[in-house]
Number of protein chains: 4
Amino acid sequence: MIRVGIVGVSGYTGVELARILSMCPGVEITVATSRQYDGRPLAEAFPSLRGKVDILCEDVQDAKLAERADVFFTAVPHQAAMGIVPQLLKAGKKVIDLSADFRLHDVDIYEAWYKPHTAPEYLSEAVYGLPEIHRQQIKAARLVANPGCYPTSVILGLAPLLKEKAINPLNLIVDSKSGVSGAGRTAKTNSLFCEVAEGFTAYMVGEHRHTPEMEQEIGKLYGEPVTISFTPHLVPMSRGILSTMYARLKKPLSAEDIRELYCNFYQDDFFVRLCEPGTYPATQFVRGSNFCDIGFKLDNRTGRVIILAAIDNLVKGAAGQAVQNLNIMYGFPETQGIETIPLFP
Amino acid sequence: MIRVGIVGVSGYTGVELARILSMCPGVEITVATSRQYDGRPLAEAFPSLRGKVDILCEDVQDAKLAERADVFFTAVPHQAAMGIVPQLLKAGKKVIDLSADFRLHDVDIYEAWYKPHTAPEYLSEAVYGLPEIHRQQIKAARLVANPGCYPTSVILGLAPLLKEKAINPLNLIVDSKSGVSGAGRTAKTNSLFCEVAEGFTAYMVGEHRHTPEMEQEIGKLYGEPVTISFTPHLVPMSRGILSTMYARLKKPLSAEDIRELYCNFYQDDFFVRLCEPGTYPATQFVRGSNFCDIGFKLDNRTGRVIILAAIDNLVKGAAGQAVQNLNIMYGFPETQGIETIPLFP
Amino acid sequence: MIRVGIVGVSGYTGVELARILSMCPGVEITVATSRQYDGRPLAEAFPSLRGKVDILCEDVQDAKLAERADVFFTAVPHQAAMGIVPQLLKAGKKVIDLSADFRLHDVDIYEAWYKPHTAPEYLSEAVYGLPEIHRQQIKAARLVANPGCYPTSVILGLAPLLKEKAINPLNLIVDSKSGVSGAGRTAKTNSLFCEVAEGFTAYMVGEHRHTPEMEQEIGKLYGEPVTISFTPHLVPMSRGILSTMYARLKKPLSAEDIRELYCNFYQDDFFVRLCEPGTYPATQFVRGSNFCDIGFKLDNRTGRVIILAAIDNLVKGAAGQAVQNLNIMYGFPETQGIETIPLFP
Amino acid sequence: MIRVGIVGVSGYTGVELARILSMCPGVEITVATSRQYDGRPLAEAFPSLRGKVDILCEDVQDAKLAERADVFFTAVPHQAAMGIVPQLLKAGKKVIDLSADFRLHDVDIYEAWYKPHTAPEYLSEAVYGLPEIHRQQIKAARLVANPGCYPTSVILGLAPLLKEKAINPLNLIVDSKSGVSGAGRTAKTNSLFCEVAEGFTAYMVGEHRHTPEMEQEIGKLYGEPVTISFTPHLVPMSRGILSTMYARLKKPLSAEDIRELYCNFYQDDFFVRLCEPGTYPATQFVRGSNFCDIGFKLDNRTGRVIILAAIDNLVKGAAGQAVQNLNIMYGFPETQGIETIPLFP
């Protein structure tokens, strides 16, 4: 029985980790931290968990924290993670960090998009935890940087074409749409029901911090540095991300060729599902699951291929993928505890 | 391995059965019928199931149908069920019927609220499949009439007070609110997104067909015939029912007394969760699960007790409860396959 | 041209006042206060207003405030209103107060449900601003207490039956459902999109502060003190209230009798619409308008009449009704500026 | 008083025309056709209209139809419009057609994207009814082809940059998102609440029929034929379109330059609102209004300008724009009857 700790259990990502890990055999949640709910059952804040999850929130820190588990999921905001993770690693623990702090290999890029980094010495060691791309490295990692929600959909959506150098990376446009849970559980006017319902808007156009993360991984797959245009939007729904990606083909591929490319690339990846020809992914068909659904349209009229990828931002885009990484790191079956069928309707 | 059949797999209840049964050990779906999707994979109509559920829809009927499984879930409209169920029973099969056709013991009441009944000889044999109330009879049943969604929430919400004769059944008011999936997957103007979203309304006021079903079970629990006022409403959400019930106390009970009454009554029932004092059930905290959450308020100012009960109408209100019945009928652990933690947010 | 002031313009009620008053002829908004947005255009906080409403938010107080307009709408929380209103009245201004501070005639009842009252000397003078019931007094008032959103729907729904003493007031059950804008624009976890969407729950069961307000007006209409059970619920939509009311008939009335009673009672009231027989009100059919739609069901089986009333909580339940009061106070056509047709879909 | 007819009044566009025209002075609706509701009041199908709109639906055709009004709004599906419009024109009436039948000047393009055209002789005469671009021609037109909802947002969003030849039209990507009312009021499974809510998906990727309409107008503005990539998506909301457009600059323009360009281009256009720098349009801020809100981001990192435009698809994207065209054709103030402030929240 592996002892796992969840640092920051009372946010949407934290509670999703609690929900999923409670369904995993071979794993026991031995500590879950939350300053806000210190001393109270997590099920008090989230009555959905009652009767199934009896975690007590605690405000444990530093050395005491490290003692309490073998592996930690850190689900705290960026900048906070870099203060906690090094201590856990030094205590010999493994860490799956769900913040942005260890995703970028280049500290200068991190600091250009975020703030100064106080633990840059771990950047080279951290493995970018997208199992479909970096499974081998994840196996051996002690620090996994769990990918951002948007990048997960985008990188999985583009990887086969990039690897094949089938598209021109200079013309990559990524137009993404996310449910509101991506904004977290903090009480902000912008996330109020009445501000969001029956509405649709863009935010951080060309400036979202997930951009360098996508560029890093897209660049690695393609073999050259890449700059993309990325626009995130807010959808009046709780869960789900759909990314629409526009690329120009460099090679004369038919729709069948492209389809085969994707099938081959993902042939051993349970969680990637290629849509039937003529159909496109929809977030409602991955809700609550760890699936990433991918579809595409070869538009001969414009010479473009349009790729669409859908995930549940809290599962494949966060907690589910983190558990997938855990499974890989500990040699469990990769799908253990995260095989849930999407909840539709 | 028990062979199960789903008759009417392409409605919301049918597909929910497929989803849940696919996660049940000891069970194999050997036939699933749908006229509309005959010959096509169920996952074509519901891409959420892709990669996990590879059921083929078939239009199988009569004798051929009975051969294909040991136990059948009939998820077809009322009036249709009474044409299918007798044949399955005659062929020696067990049936869990999710329609209204075998829920009422009294054929006259059925015919007053519905239409003429063509198989009334089975009414006395059918067991009303609410496990928390009729667990023993369900064990031995070959025909289980799975309760309606509204009645499930109402009967579970009132049972402890009724059994104790603690409330006056003459003053029972039931005000229920349901998500839109209760209206089924048929294309109707009334169920269109634009008609329902950002709106709230009542329907079938005082005339809903679930009324006699509630009155039958409430009357049995109380020991006398009971007449109730029942008003269903439509909530702009997909899943969930919340029922608010108003009753006058006949006995001088404190809030603690009532609490104890509920705790005792449901002490062996995993799926009933009593809310913490001062908190009330919410449909978002049972979504996707087989739980029924119950809370109450003793209002000394008015001498009334207000009871609130929340379920997921497609799970505890339909498919989940049907599987719970299956588990009881076959001696499986009662929670097998339906232990899912609610999906929140 | 009447100069009007809005005190507390940046909440949902305040901005709705700004929207509606901007469409009123004969009226000019000369001051609008907001601490939060002091010095900034209201359209910066609410871009919906751009190009049509060029109000500047100011933090004006005390004597300076009174000078700036002839009549004031105070749209601040209860307890805050009682600090502002007396000063405005003393300066010779008229006030339409949208808080709860001047709605209850009896200071003891106010203090039992709210907190100590610091200006009880104005309670006897304040007119309860429900035009369909108190039009004559409103004409002459200098202080109008604009009704609460729930009470507006409930009192209008029950008035004709109460006035006729046709129902037994001892058995009144009021089950109300409101959109989320009723909770205001304050950033609270409970009002976040993800907490509310796809969910339904009750709150303040038997304890909501609108209860004494309903009891006061219901009692006046019936001619005797009345105690009711009131349960508010939260609907995943922005605007709208539907109240479902259960009463026992004291007189043998037919559905036609009841219909006639309502038609007569509201024959001169443009904003009350009686639903066609067999149909019920729906919040989506009053959205954005000052209408109150009323329907009912005479249930001979139970001897009850179930009355349903729908309003837009921000319009007839707040800002629209306040403008209706202004029109009456100043001799404008009562419908001026608030004749908008509901926005559906 | 101008007599106006609405052909096809019972769809979402038709009823929106009824709602808006009822608020227009100088205009009287003298005939409104609907096969489905023949002989019944429109307010029976749409109770929102009760008390304000007393139109009777009729099934009037051919010569009889033409006699009944001076100007007609045809809100019927494409292919149906081309059968009705010629008769009305021959009878000397003016027509504002809300279908796609007369929007494309080139019959070959129409027939490539739609079906054979039976009245191509009117294509050269029809004026594309986007007032901000073709105001002068609309003044003199007897047949106005009211633009599609998506094209309205896209053309208005791009026009200033195209006219200035500031962007390279070869790299135009248009990613649009629409509320569900765009799919009409027909009962289809795809438009059911449960299929759409809490979900987001794309449809008709690279194949939507609004594409040639955009290309025609974009080409005219730029002065050369243009091919674009267009992907429409479905948002779980009733009203609203947001289009996100990606273009490469051909000229070295600063953000201030671009801003000035838009300000100048739209200086006489009441309905186009340019967002404040750093803010972006949101559909919730134009809901129920005829505004088109436009914002942009100059992304120096990628050399792209990203333009965002939001409209209410039923107002500026259909009925409101049609009334704007009517106002222009008849010399009314252009904003008459459509000055409504957006309804937020």
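User: Before we start, what should I know about the numbering and the model?
Analyst: Residues are numbered from 1 along each chain as its sequence is written, while chains are lettered from A and ligands numbered from 1 in the order in which they are written. This is a predicted model, in which local features need pLDDT of at least 70 and side-chain atom pairs count only at pLDDT 80 or more, whereas totals for chains, interfaces and linings use all residues.

User: OK, chain B then. What is the strand order in the open sheet of six strands?
Analyst: The order in chain B is β2-β1-β3-β4-β6-β5, with parallel pairing; strands here are DSSP runs of E with at least two residues, helices are runs of H or I with at least four, both numbered from the N terminus, and two strands pair if DSSP finds at least two bridges between them.

User: Which are the edge strands?
Analyst: They are β2 (27-33) and β5 (127-128) of chain B, each of which pairs on one side only.

User: And is β2(B) enclosed or open?
Analyst: Five of the seven residues of β2(B) are buried, so this strand is largely enclosed by the rest of the structure. Buried is used for a residue with 20 or more other C-beta atoms within 10 Å of its own, exposed for 12 or fewer and partly exposed for in between, with C-beta atoms placed from the backbone.

User: How many bridges join it to β1(B)?
Analyst: Six bridges join β1(B) to β2(B), and the two run parallel; in this pairing Val4(B) stands opposite Ile29(B). Strands β3 (residues 71-74) and β4 (residues 94-97) of chain B also pair in the parallel sense, over four bridges, with Thr74(B) opposite Asp97(B).

User: Which strands does helix α4 of chain B touch?
Analyst: Helix α4 (residues 81-90) of chain B packs on the sheet and touches β1 (2-7), β3, β4 and β6 (143-145) of chain B, its direction making about 160° with that of β4(B). Contact requires that the C-beta atoms of two residues, placed from the backbone, lie within 7 Å, and the axes are lines fitted to C-alpha atoms, for helices over the stretch in contact, with angles from 0 to 180 degrees between N-to-C directions. Helix α11 (residues 315-329) of chain B packs on the sheet as well, touching β3, β4 and β6 of chain B at about 155° to the direction of β4(B).

User: Which residues of α4(B) are buried?
Analyst: The buried residues are Ala81(B), Met82(B), Ile84(B), Val85(B) and Leu88(B). They cover an arc of only 160° around the axis, which puts them on the same side of α4(B); the arc is that of the directions from the helix axis to the C-beta atoms. Their cover includes β1, α3 (62-67), β3, β4 and β6 of chain B.

User: Switching topic: what is the pairing in the open sheet of seven strands in chain A?
Analyst: The pairing is mixed, in the order β8-β9-β7-β10-β13-β12-β11, and the edge strands are β8 (201-202) and β11 (272-274) of chain A. β8(A) pairs with β9 (residues 229-234) of chain A in the antiparallel sense over two bridges, and Ala202(A) stands opposite His233(A).

User: Last one, how many residues of chain D are in contact with chain A?
Analyst: On the chain D side there are 38 residues, in contact with 38 residues of chain A. The elements of chain D that give two or more residues to this side include β7 (167-178), α8 (193-196) and β12 (292-299).
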